[in-house]
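Two copies of a chain are related by a rotation about an axis and a shift along it. Look at the model below with that in mind.

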Number of protein chains: 2
Amino acid sequence: MSNYLRIRQILQTKPLGEQVEIRGWLRTRRDSKGEFSFLEINDGSCLANLQVIADRSLPNYPTEVLKLTTGCSIRVAGKIAASPGQGQAVELQAKTIEVYGWAPAESYPLQKKRHSFEFLRKIAHLRPRTNSMGAVARVRSALAFAVHQFFREQDFFLVHTPIITTSDCEGAGEMFTVTALDLENLPRQNGRVAFEKDFFGRAANLTVSGQLEAEIYALALGKVYTFGPTFRAENSNTSRHLAEFWMIEPEMSFCDLAEDMALAEKFLKYLVGYALDHCADELDLFGRFIEKDLPRRLANVLDHDFIRITYTEAVKFLQDAGRAFEFPVHWGTDLQSEHERYLSEEVFKRPVIVYNYPKTIKPFYMRVNDDQQTVAAMDILFPGIGEIIGGSQREERYEQLALRISEAGLNQADYDWYLDLRRFGSAPHAGFGMGFERFMQFVTGMANIREVIPFPRTPGSALF
Amino acid sequence: MSNYLRIRQILQTKPLGEQVEIRGWLRTRRDSKGEFSFLEINDGSCLANLQVIADRSLPNYPTEVLKLTTGCSIRVAGKIAASPGQGQAVELQAKTIEVYGWAPAESYPLQKKRHSFEFLRKIAHLRPRTNSMGAVARVRSALAFAVHQFFREQDFFLVHTPIITTSDCEGAGEMFTVTALDLENLPRQNGRVAFEKDFFGRAANLTVSGQLEAEIYALALGKVYTFGPTFRAENSNTSRHLAEFWMIEPEMSFCDLAEDMALAEKFLKYLVGYALDHCADELDLFGRFIEKDLPRRLANVLDHDFIRITYTEAVKFLQDAGRAFEFPVHWGTDLQSEHERYLSEEVFKRPVIVYNYPKTIKPFYMRVNDDQQTVAAMDILFPGIGEIIGGSQREERYEQLALRISEAGLNQADYDWYLDLRRFGSAPHAGFGMGFERFMQFVTGMANIREVIPFPRTPGSALF
């Protein structure tokens with residue numbers, strides 16, 4: 001009977017004296033004077049390796065063990081013992097070692113040295129085998145679970161909003177087209193592409209947000225959230241933009257802007273706390289090798305109430321800053337990254353929520369405040385990263401919404417279903433959106449967003 | 001201080017004598033001889049309504065309460081009391097009632113009567129407000145959470161595989177094209193569309209499966225799963241096909257077909273058990289109004305070990321059936337729905353796993369068995385629904401995989417990265433895929449798959 005255990009479990013429970021089996025990949029081999037070898041094995045279950053002692057008495061010691069190189073896949077059975085060496089409490093004394101797969105050192109790209117992230121991106125099918133990228137993957141998985149757990153604890157329902165959409169949210173231009181037409185032989189009618197012959201009988205796009213569809217469900221189930229992929233066909237080749245990214249969008253009926261902000265703050269603190277509780281080794285690695293300031297940044301989110309200031313107050317702070325911003329600030333302009341960072345990093349040195357933005361710079365669906373000049377919008381700004389969440393109370397009043405749709409130059413008929421939500425059983429409601437990768441950048445300290453998603457899609461690049 | 005509670009909480013905790021507030025939508029109003037009215041309120045938190053007693057002494061009783069109709073959105077504050085009436089333990093004696101939004105009976109499409117599912121599909125932005133569709137949404141949310149919880153308990157990591165892909169899995173033809181090119185003015189070169197000028201510098205599609213990419217992560221983290229949208233541009237206008245659906249695909253290193261089957265059985269039982277434990281009211285509704293046989297079907301999954309038979313044995317059962325199938329069976333043909341249902345519904349009357357299928361009818365990545373005729377594939381067949389899961393042990397041997405790629409007529413260069421997984425640190429590994437909507441159909445008893453996804457995408461239809 002094999003007692004196959006994962007390394008995380010062995011390191012946690014330290015089953016001294018027990019016969020166990022592990023399966024994983026060799027990270028390094030050190031030979032001690034021809035007497036035995038130390039093998040560092042990683043099985044992906046955690047950052048740490050398990051040290052295996054391979055004695056030369058093993059039948060395949062000269063023929064196989066001494067030929068093991070970084071990346072080989074093996075099975076080791078043996079006994080767990082206290083480790084006399086430094087750096088580990090237990091080690092595995094091998095009784096048998098079986099090789100599943102070799103990794104020829106002359107061709108295997110991942111040798112025991114530090115590789116640049118740029119290089120690793122080119123071998124994205126191998127990069128999760130590195131310490132850093134494996135750690136990112138585990139943190140990403142833990143935080144995705146934390147998202148679901150948070151909302152479930154808060155009595156929300158998950159809604160899968162559509163990926164392929166025929167409603168053009170906000171009239172956003174930068175959408176990908178989805179089509180089953182043969183591009184080499186596009187059907188045409190009256191000189192234009194005949195989308196009526198396409199799969200859905202009309203033109204279709206990849207979604208840029210599930211918010212409007214989530215509102216449908218918020219007005220039926222009360223509190224819902226989405227967590228799915230969203231897309232932008234923007235030619236933004238920066239360290240903060242992806243053409244495909246995952247977004248979390250809660251939407252709550254019977255909720256105003258203050259409650260929306262409170263939930264968002266609670267959510268962010270929950271996620272940071274979850275990462276600290278469940279991914280301590282990984283965060284430690286990031287703090288040592290990726291971003292020295294990471295522990296302080298994370299603590300800073302947990303330890304303080306977020307500052308709340310209106311857009312009008314924010315503009316005053318910026319105008320009183322006594323410095324020349326690249327983009328001059330006056331009431332009515334949108335805040336740029338430099339402004340957001342000044343507020344959160346220099347004025348308050350902690351997360352800041354800016355709310356009540358000018359109506360003219362925000363989308364039609366945000367609720368107009370009584371001053372008729374601002375809308376009940378909010379952005380959460382994090383030191384070191386800028387905007388991490390954007391949200392608003394939605395316009396729940398039919399007449400005002402219809403007016404805003406017209407003012408925005410949109411076609412009211414296209415939003416008939418959205419207006420129906422205000423015709424029938426309308427209720428105050430609010431929500432927000434968070435780009436999951438932006439948050440992953442914050443928690444890992446990764447400078448480039450391409451490192452925090454398994455398969456980044458950017459202008460000119462979509463491997464696999 | 002308002003003590004706003006959701007109705008599910010009130011019905012669970014029965015806070016007798018307490019002042020509470022609820023917010024929700026009116027389902028029905030009954031007036032009792034001008035003395036008071038019964039209001040049935042639903043807030044989406046659960047299937048059940050809370051009964052509100054609105055006395056005529058309320059200041060807005062004649063002006064508002066008596067005008068409330070199905071679908072109105074209201075806030076009620078009052079005291080929880082034991083209910084003398086039948087059908088509920090507690091009721092809310094209203095002190096104040098505030099109307100958030102009306103729902104004019106002459107135009108609101110959802111009146112108190114049963115609507116056909118076909119009709120509801122046309123008003124998909126309102127259908128989650130019905131009992132049946134609200135119940136489906138809650139079950140869907142619960143089961144999505146159960147998926148994550150199951151795999152987390154089993155030590156898996158979630159991996160977000162790409163939605164936009166440039167690798168053409170299995171050379172599957174029926175994929176949607178994703179493009180940022182202007183279809184009205186396609187750039188051309190040498191008489192063909194110049195995809196090199198497209199967003200990603202090459203042609204791109206919507207994924208049909210995350211399996212191959214999940215294998216990348218399985219060979220780094222050990223055990224991973226995906227849960228994301230997948231797409232088929234197939235012109236299948238049936239009650240079981242969607243152009244956009246959600247798929248769950250676990251992938252495990254150091255795992256063979258027997259372990260793969262064991263995990264899949266455990267997974268299915270976990271999900272059914274979770275639904276029974278967490279969605280009792282909803283399943284009860286489905287059992288009464290959608291599929292009378294539902295309770296027995298669900299119990300049947302939990303109460304028995306799944307049958308395991310080889311494909312070869314399955315063919316014998318079918319040949320010995322003494323009946324004329326529409327599609328005649330002989331060794332080497334793929335099993336059709338009629339065959340799968342015969343096996344699970346008539347021969348065994350419980351879930352059946354058929355494994356070791358002929359090599360010739362299965363994709364290139366499945367592991368060839370020692371007989372050289374079959375591959376280590378498996379399908380799980382459910383009574384009443386047919387195939388619910390398909391999986392296999394993957395070909396981990398480089399030479400065999402390269403051969404299979406060639407035999408399949410695929411271009412080896414396109415699979416270089418996939419072959420790399422076998423060049424470097426290869427290990428036996430296996431996985432399976434489950435269409436989430438197919439499982440939702442099983443658990444809810446819904447005959448048409450369009451009822452179990454919020455926004456169905458089918459040939460000719462993609463509302464919103």
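Chain A can be laid on chain B by a turn of 180° and a shift of 0.0 Å along the axis, with an RMSD of 0.0 Å; the superposition is by least squares on the C-alpha atoms of residues with pLDDT of at least 70 in both copies. This is the relation of a two-fold axis. Within chain A, A:Val178 has the C-alpha nearest the axis, at 2.4 Å from it.

The model is predicted: local features need pLDDT of at least 70, side-chain atom pairs count only at pLDDT 80 or more, and totals for chains, interfaces and linings use all residues. Residues are numbered from 1 along each chain as its sequence is written, chains are lettered from A and ligands numbered from 1 in the order in which they are written, and side-chain values use heavy atoms, with hydrogens and water left out.

Next comes the strand pairing. Strand E8 (residues 177-179) of chain A and strand E8 (residues 177-179) of chain B run antiparallel and are joined by three bridges. Strands are DSSP runs of at least two residues, helices (H or I) are runs of at least four, and both are numbered from the N terminus; two strands pair if DSSP finds at least two bridges between them. In this pairing, A:Thr179 stands opposite B:Thr177.

The E8 strands belong to an open sheet of six strands, in the order E7(A)-E11(A)-E8(A)-E8(B)-E11(B)-E7(B), with antiparallel pairing. Strand E7 (164-165) of chain A and strand E7 (164-165) of chain B stand at the edges with a single partner strand each, so one side of each has no neighbour in the sheet. E7(A) pairs with strand E11 (residues 204-206) of chain A over two bridges, and there A:Thr165 stands opposite A:Asn205.

How many residues of each chain are in contact with the other? The count is 111 residues of chain A and 112 residues of chain B, where contact means heavy atoms within 4.5 Å. The copies meet through the same surface, because 100% of the interface residues of chain A are also interface residues in chain B.

The area buried between the chains is about 9200 Å², and carbon and sulfur atoms give 64% of it; buried area is the accessible area (1.4 Å probe) that two parts lose on being put together, summed over both. A:His160, A:Phe254 and A:Phe424 supply 9% of the area that chain A buries against chain B, more than any other three residues.
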